[in-house]
Amino acid sequence: MENEAKIVYPATTAYVRTLLPKSEGYLLRLEEEAHRDGVPIIQPEVAQYMRVLMQLHRPTRILEIGAATGYSASVMALSLPAGEIDTIELNAETARIAAEHFEELATFHPEVSVRLHVGPAEAVISDLKGPYDFVFIDAAKAHYSAFFEGAYPLVRPGGLIVSDNVLFRGMITDDALILPKYKTIVKRMRQYLEMISEHSRLTTSILSIGDGVALSYKREADGA
Ligand SMILES: C[S@@+](CC[C@H](N)C(=O)[O-])C[C@H]1O[C@@H](n2cnc3c(N)ncnc32)[C@H](O)[C@@H]1O
């Protein structure tokens, strides 16, 4: 809650969380493991937002940048009747845990196939083939523009790009909160947000939920 406190009034987050469905089984275990091991996964209200987006947009091909231990990919997979998810993770040990989780997921939800790619997304993306209906960017915050550059051409017209942590603990909106070690991240994230907000083919909405989420819709043509 501490990180989001500068973005959303804490009592609001606490109240909204009382209304969310309680996690159980496989997803609850992934959440508990992540919290125990300090793995940063999407917050509960962001997970619920992703579920709504899955049900509304019904993507069949998804690209995720930043798998960590596989929680957000599992949330997406379990919200869909069928489909494919390509997810990329840089850290080999984290990816090993994600692979175990995806193996388990396949035993009870085989209709969505999850392919895990291990390596830097900037390089892995060039080997992937679009079109994707939905892209989720949730990896190194200073590199969102590079991830976008690789992923954008693979998104079909009418597709969505969701970027997490775009308000980064409130530092993006308030200079007084910026810690010196995060100056570069803040500068680059602001550039990223300006780029996706002014992009001729995107309609972007920035939401102050969790650590900040940007939703970008790729229009059929410039200005349309
Ligand atoms: C915030 S975590 C992802 C959490 C995950 N999406 C979830 O909610 O379950 C970010 C992950 O991105 C990975 N990462 C960082 N830089 C990356 C890169 N250049 N390419 C691929 N993954 C990267 C990190 O190792 C980390 O596991």
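Visitor: Which polar side-chain atom lies 2.8 Å from a nitrogen atom of the ligand?

Guide: One belonging to D138. Keep in mind that this is a predicted model. To read a ligand site, start with the polar atom pairs, then look at how much of the ligand gets covered. Here the side chain of D138 puts a polar atom 2.8 Å from a ligand nitrogen. Taken alone, the ligand exposes 610 Å², and the protein buries 87% of that.

Visitor: Which of the 21 residues around the ligand come nearest?

Guide: G66, S72, E89, A121 and D138.

Visitor: Let's move to the strands. In what sense do strand 2 and strand 3 pair?

Guide: For any strand pair, ask about direction and then about bridges. Strand 2 (residues 83-89) and strand 3 (residues 112-118) run in the parallel sense, with 7 bridges.

Visitor: What do strand 2, helix 5 and strand 3 make together?

Guide: A right-handed β-α-β unit, in which helix 5 covers residues 92-108.

Visitor: And in what sense do strand 6 and strand 7 pair?

Guide: Antiparallel, over 6 bridges, with strand 6 at residues 202-207 and strand 7 at 213-218. Look for L202 standing opposite K218 in strand 7. The two strands form a hairpin with 5 residues between them, and in the turn G210 has a positive phi of about 55°.

Visitor: Where do A68 and R169 lie, and is each buried or partly exposed?

Guide: A68 is in the loop between strand 1 and helix 4. A68 counts as buried because its relative accessible area is 15%, and the cut-off for buried is under 20%. R169 is in the loop between strand 5 (155-164) and helix 8 (183-198). With 30% relative accessible area, R169 is partly exposed.

Visitor: Which residues does a cis peptide bond join?

Guide: G130 and P131, with omega about -5°. P131 belongs to the loop between helix 6 (121-124) and strand 4.

Visitor: How do I read a single residue's surroundings? Say T69: what does T69 touch?

Guide: T69 is in the loop between strand 1 (61-65) and helix 4 (71-78). T69 counts as buried because its relative accessibility is 6%. Setting aside residues up to four places away in sequence, T69 touches L30, V39, T94, I97, A98 and H101.

Visitor: Where does S79 lie, and which backbone oxygen does the side chain of S79 reach?

Guide: S79 is in the loop between helix 4 and strand 2, and its side chain reaches the backbone oxygen of V75 at 2.7 Å. S79 is buried, with a relative accessible area of 14%. Its contacts, leaving aside neighbours within four places in sequence, are R51, M54 and Q55.

Visitor: Why does F147 count as buried?

Guide: Because its relative accessibility is 3%. F147 lies in helix 7. Beyond four places in sequence, its contacts include I65, A121, E122 and I137. I125 is another contact; F147 and I125 are 22 residues apart in sequence and 8.3 Å apart in space, C-alpha to C-alpha.

Visitor: Is K141 buried or partly exposed?

Guide: Partly exposed, at 22% relative accessibility. K141 is in the loop between strand 4 (132-137) and helix 7 (144-151). Not counting residues up to four places away in sequence, K141 touches N165, F168, I185 and M189. The C-alpha atoms of K141 and G70 are separated by 18 Å, and these residues are 71 apart along the chain.

Note on methods. Residues numbered from 1 in each chain as written. Predicted model: local features only at pLDDT ≥ 70, side-chain atom pairs only at ≥ 80, totals over all residues. Heavy atoms only, no water. Helix = DSSP H or I, 4+ residues; strand = E, 2+ residues; numbered from the N terminus. Buried < 20%, exposed > 50% of the residue type's maximum accessible area, 1.4 Å probe, protein only. Contact = heavy atoms within 4.5 Å. Pairing = 2+ DSSP bridges. Right-handed = clockwise from strand over helix to strand, strands pointing away. Near = heavy atom within 4 Å. Polar contact = N/O pair within 3.5 Å; in protein donor to acceptor, adjacent residues only side chain to side chain. Areas by Shrake-Rupley, 256 points an atom, 1.4 Å probe, with all protein chains shown as cover.
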